[in-house]
Amino acid sequence: MKEEIVTLIEQAIAAMKQGDWPADLETKVQVEQTRDKSHGDFASNVAMTLAKPLRSNPRAIAQQLIDALPDNDLVSKTEIAGPGFINFFLNADAATGIINTVLAAGENFGRSDAAKGKKVQVEFVSANPTGPLHVGHGRGAAVGDALCRLLEATGHAVTREFYYNDAGAQIDNLAKSVQARCKGLGPDSAEWPEDGYRGQYIVDVATSYMKGDTVEAEDKQVTGAADADNLEAIRDFAVAYLRREQDLDLKAFGVDFDVYFLESSLYSEGKVEEAVQTLIDNGFTYEKDDALWLKTTDFGDDKDRVMRKREGGYTYFVPDVAYHLNKWQRGFSTVINEQGADHHSTITRVRAGLQALNAGIPKDWPDYVLHQMVMVMRGGEEVKISKRAGSYVTLRDLIDEVGRDATRYFLVARAPSSQLTFDIDLAISQSNENPVYYIQYAHARVCSVIRKLAEQGWSWSVESGCNFLDRLSEDAELALMKRLSAYPDVVSSAAANFEPHTIANYLRELAGEFHSYYNSNKVLESDEALRNARLALSVAVRQVIANGLNLLGVSAPEEM
């Protein structure tokens, strides 16, 4: 309905341009749902935005627009409020029409083809294969996957990509840690690697390697050489083993990827050297203190950055530049990186490196969604360690303890830019304070009503329900219908702004309104017409809840 109001205003503006207003007047119409019922159903500030170019009083402009609105069956009345807001009140048929729309569209309600198949790549999780996924990776997985679902719901062709950092110092530390375990050493030994990994999983990797096990990790199969002195063989086995473990964690979380990209391939295929040579040829590098520097200050950085260290080897942002050039060459004009907030410092230098390649890449490419840290609480105290990982709480710990649905919902329910406290006690509670339980229970509650309907020997159909929607006149019913009508705009906005948490917020508000309505109004009325109408409304609520939960990767149970 919001878009229909926008169209009415645009038609009124077009009519005014044929009269007193300049034909070249630039306009941008914004319409929002109102929070206060006394202010109507929708409001627009368009008259105030036109006051300056038209050199007129915004209230006078508002009246001109109201007078120019075409005849329609949608709006029952309009009012001018405050400095020039136009409030729109919908007629009753327009309000109840949303139920017909939801029930007709079913699982497609809220989805659109607005992007018309535009390609977009979303890179998320991208954990180093040096240990189990921690809760921060879990937040990245929940946010990234929900974002992909939102983009698909708005017509994008989405490619999900996982970038494995399987090269560099951390992988060296992993290999040395596993080798030490293969030789019977422990973290307390004087010979233990200085930056070695200490979790139980290192023991598991070493044991499997020495047994000669074979592991498969997406694109490769590796068999343990059972040789404690073969560091390269240990490295290959350990990376494959932990990639497989991470893949299993993600499958348990309901997250899949289309592409797994190895950092090591950038080196083996010469992509890093090619990118570096291009930067040199383009004149954006210089030698200083036996190191190679990139002139990132030419592109807005506060200081130039080292590319190749004096002791040899590239700094961590250099392969990122080569990797993103590869993304661009694969035809992704839109790329979104969902990463931890600790990657913030790399954004400027990666973008600077891409600009210095002179490859036609936009200066603000790629887009980034950065999530803050997660604190896990139980019994009012922070949980910091896991036996499996040794020093942090793993994603699998949470899934095993509170379930996939609660884990996904809690990790996506706040804006990524906000720090998140994951309260295990709340996540496993069956109470109204637990938001995912509260939302799922609203869905299950409607399913229960449908079962009770059959037990009473009554029948119901979409057609029978929609024939009596004029019986829905309670304030709570009108509020629910208004909330349902907002859903497509919430989906569109969440996708456009990379904000899947707004879906979680919307669902909690919808569930709250439905529970309140259900507790105050009898749905299975003896009055058949009223019963059928209320069932239509309830089933529409159930459908939207299911659709919204699906966007978050959370199930919609029929019984709880």
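**Close-up 1. T296 in the loop between strand 11 and strand 12.** In this predicted model, T296 sits in the loop that links strand 11 (291-294) with strand 12 (305-308). Is T296 buried or exposed? Its relative accessibility is 0%, so T296 counts as buried. Setting aside residues up to four places away in sequence, the partners that T296 touches are D301, K303, D304, R305, R349 and A352.

Close-up 2. For I234, the separation along the chain from Q179 is 55 residues, while the C-alpha atoms of the two are 6.7 Å apart.

**Close-up 3. Helix 2 packing with helix 3.** Helix 2 (residues 46-54) and helix 3 (residues 58-68) meet at an angle of about 115°, and their axes are 8 Å apart. The two helices are therefore roughly perpendicular to each other, and helix 2 passes helix 3 in a right-handed crossing. On the helix 2 side, the contact is made by V46, A47, M48, L50, A51 and L54; on the helix 3 side, by P58, I61, A62 and L65. Sorted by class, this contact has ten nonpolar residues, with no polar and no charged ones.

**Close-up 4. Helix 5 packing with helix 18.** In which hand does helix 5 pass helix 18? The crossing is left-handed. L150, L151 and A153 from helix 5 meet V491, A494 and A495 from helix 18. By class, this contact has six nonpolar residues and neither polar nor charged ones.

**Close-up 5. F422 in the largest nonpolar core.** The largest nonpolar core has 88 residues, and I99 and F422 touch the most other members. Beyond its neighbours within four places in sequence, F422 is in contact with V374, M375, V376, M377, L398, V402, A406, T407, F410, L411 and A427. As background, nonpolar side chains tend to be buried together in soluble globular proteins.

Definitions and conventions
Residues numbered from 1 in each chain as written. Predicted model: local features only at pLDDT ≥ 70, side-chain atom pairs only at ≥ 80, totals over all residues. Heavy atoms only, no water. Axes fitted to C-alpha atoms, helices over the stretch in contact; angles between N-to-C directions. Helix = DSSP H or I, 4+ residues; strand = E, 2+ residues; numbered from the N terminus. Parallel < 35°, antiparallel > 145°, perpendicular 65-115°, else oblique. Left-handed = near helix turned anticlockwise from the far one by under 90°. Contact = heavy atoms within 4.5 Å. Nonpolar A, V, L, I, M, F, W, Y, C, P; charged D, E, K, R; others polar. Buried < 20%, exposed > 50% of the residue type's maximum accessible area, 1.4 Å probe, protein only. Core = buried A, V, L, I, M, F, W, Y, C linked by side-chain atoms within 4.5 Å.
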